[in-house]
Amino acid sequence: MTVAGVVGATVATAAPDGLPTVRDDLTPEDQARVERVTRPAQDFSKPERYEALPGGAATSRKLANRDAFSQPSANLSFEEEGTFKLGNALFRKLWVSSPSSTQASDGLGPLFNARACQSCHLKDGRGHPPEGDSDATSMFLRLSRAPRTPEEQALLKDKTLLNLPDPVYGSQLQDLAVPGLRAEGRMEIAYEEFTVTLGDGTEVPMRRPDYSVTDLAYGPMDISTTLSPRVTPAMIGLGLIEQIHPADILALADADDADGDGISGKPNIVRDGKSGELALGRFGWKAQTGSLRQQAADAFAGDIGISSPDALRHWGDCTEAQADCLAAATGVQERLGDSEAPDPVLDLVTFYSQNLAVPARRDVADPQVLHGKQVFYDLGCASCHTPKFVTRRDAPNDAHAFQLIWPYSDFLLHDMGLELTDWQIVGDARGGEWRTPPLWGIGLTETVSGHTFFLHDGRARNLTEAILWHGGEGEAARDGFAALAKAERDALIRFLESL
């Protein structure tokens, strides 16, 4: 796959499952304009036009401090800012166990990972592995087992299910529980330290994690159940990502590496949780979710144990093997609706998630940053981390419509090699395949989140380590980085820190 931006989106080639291959929201004049502004950079002597505004008109120009990821889209109306603030309050809301006198806030669990959305997405930033203490709130383990019957295989093939949960512990390990119940277990991480030597002799300390679960409260897991660690991703720019036209993402796919460049990105085609229709997955580490509303509903149910209109799971991730959990009281109040978080709760949290602004770039004209950008292109990093898109002209919210954005991701699945495999299939994603994470805002990770842990499980302690963990389709770029002179490596890191 080449760094072709979205130019190829005008070519009507075959797409999986009938998804659109041509943008149907643009006039020919608009299409020509989009092709022009999304072409790859050629001149690295100066910034590209609008490069300092990665979220288009929605970009936040607020001071880049610890609240940098918590600002609303800059182009919201006054009324929409009010809606954003209501969503923020619900995002921070602490849920309590049932029964409770605070009937609008009960229904927690019975088994859960956090009491509030904000507990995992602290300051709307990137999560981290537990370091030096038992706090794993912003990191958890996904659980999945192999199919046993033809019926289960049919459910996976039809995408009714993307994978199969452990028969006792469900789809993720819950390390917290309401009073009277035992938490499912505790994640343990053991690190193996090793060193990578770069071309100039520089030694980079690395660590390889090994995951296990202790204190299992409800018996053993299925023998085929795999553990997939996930840290929470940053929340910025999600509404803009949602409004990238599917044709522009699909135009970048090259599942069979037809052009022979060693990059073979592919989409994860999933089912929309509400309509049941096939959709392009674009959220989550495996691109397993197609919409932010579904992402919010799944997080309410799986992480907090709260049901919503789109996920009526009053007992969260409890399974039939956990009888005491299923016998616990729920927080459903008939006068409020048939779920613990009835509308408009899900609507408001979704709106908040859609409108967390991307911060403005820093130092875009700095000579070292510009040189690092050229190194980024020369190494082939932009083959997966596609710099820019133009969002849909017909986006439901004007704040997201027809914006030139710079997420630095193609939102496709790529094989990252054996070292990063989790042996877990999620829809079309194999064990070693991960969605290209957007890079916008990555340079503010330490400012917002207080750490510099990267990758899906936080094993990388800085950007250099993150690059060196690239394998599979990222191996050539990794080896190219390792062979660079120190000045070149420093320039690349400086460019990433400017994003």
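I started at Phe 84, which touches Ser 70, Gln 71, Pro 72, Leu 76, Phe 351, Tyr 352, Asn 355 and Leu 356, leaving out residues up to four places away in sequence. Contact here means heavy atoms within 4.5 Å. The model is predicted: local features need pLDDT of at least 70, side-chain atom pairs count only at pLDDT 80 or more, and totals for chains, interfaces and linings use all residues. Residues are numbered from 1 along each chain as its sequence is written, and side-chain values use heavy atoms, with hydrogens and water left out.

**Entry 1: Phe 84 and helix 2**

I placed Phe 84 in helix 2. My helices (H or I, at least four residues) and strands (E, at least two) are DSSP runs, numbered from the N terminus. Phe 84 is buried, at 4% relative accessible area. The scale: buried is under 20% relative accessible area, exposed is over 50%, and partly exposed is in between, with a 1.4 Å probe and protein chains only. I also took a distance from Phe 84 to Phe 140, 56 residues apart along the chain: their C-alpha atoms are separated by 28 Å.

Next I checked how helix 2 packs on helix 9. Their axes come within 8 Å and cross at roughly 110 degrees. Helix 2 is therefore roughly perpendicular to helix 9. Axes are lines fitted to C-alpha atoms, for helices over the stretch in contact, and angles run from 0 to 180 degrees between N-to-C directions. Angles under 35 degrees count as roughly parallel, over 145 as roughly antiparallel, 65 to 115 as roughly perpendicular and the rest as oblique.

I listed the contact residues. Helix 2 brings Glu 80, Thr 83, Phe 84, Leu 86, Gly 87, Asn 88, Leu 90 and Phe 91. Helix 9 brings Val 345, Leu 348, Val 349, Phe 351, Tyr 352 and Ser 353. By class I get nine nonpolar, four polar and one charged. Ala, Val, Leu, Ile, Met, Phe, Trp, Tyr, Cys and Pro count as nonpolar, Asp, Glu, Lys and Arg as charged, and the others, Gly among them, as polar.

**Entry 2: helix 10 on helix 14**

From helix 10, the contact includes Gln 368, His 371 and Phe 376. The contact divides into seven nonpolar, four polar and four charged residues.

I then followed Ile 467, in helix 12 (residues 463-468). Ile 467 is buried, with a relative accessible area of 14%. Leaving aside neighbours within four places in sequence, Ile 467 is in contact with Arg 478, Phe 481, Leu 492, Ile 493 and Leu 496.

**Entry 3: voids**

I searched the whole structure and found three cavities of 30 Å³ or more. My grid is 1 Å over the protein atoms alone; a cavity is a set of points where a 1.4 Å probe fits but cannot get out, a pocket is an open set with protein on both sides within 12 Å along at least five of seven lines, and lining residues have an atom within 4 Å of a point. Grid points are joined across faces, edges and corners, and a volume is the space filled by probe spheres set on the points.

The second largest cavity has a volume of about 50 Å³. Of its 13 lining residues, Ser 73, Gly 237, Leu 240, Gln 354 and Leu 356 are closest to its centre. Helix 5 (residues 238-242) gives the most to this lining, three residues. I count six nonpolar, seven polar and no charged.

The second largest pocket holds about 510 Å³. Of its 18 lining residues, Arg 33, Val 37, Arg 49, Tyr 50 and Leu 404 lie nearest the centre. Helix 1 (residues 28-37) gives the most here, with four. The classes are 10 nonpolar, two polar and six charged.

**Entry 4: backbone**

I noted a cis peptide bond between Gly 109 and Pro 110, with omega about 10 degrees. Another cis bond runs from Asp 343 to Pro 344, with omega near 15 degrees. Pro 344 sits in the loop between helix 8 (323-326) and helix 9 (345-354).

Asp 124 has phi near 60 degrees and is buried at 0%. Ala 287 has phi of about 55 degrees and is buried at 0% too.
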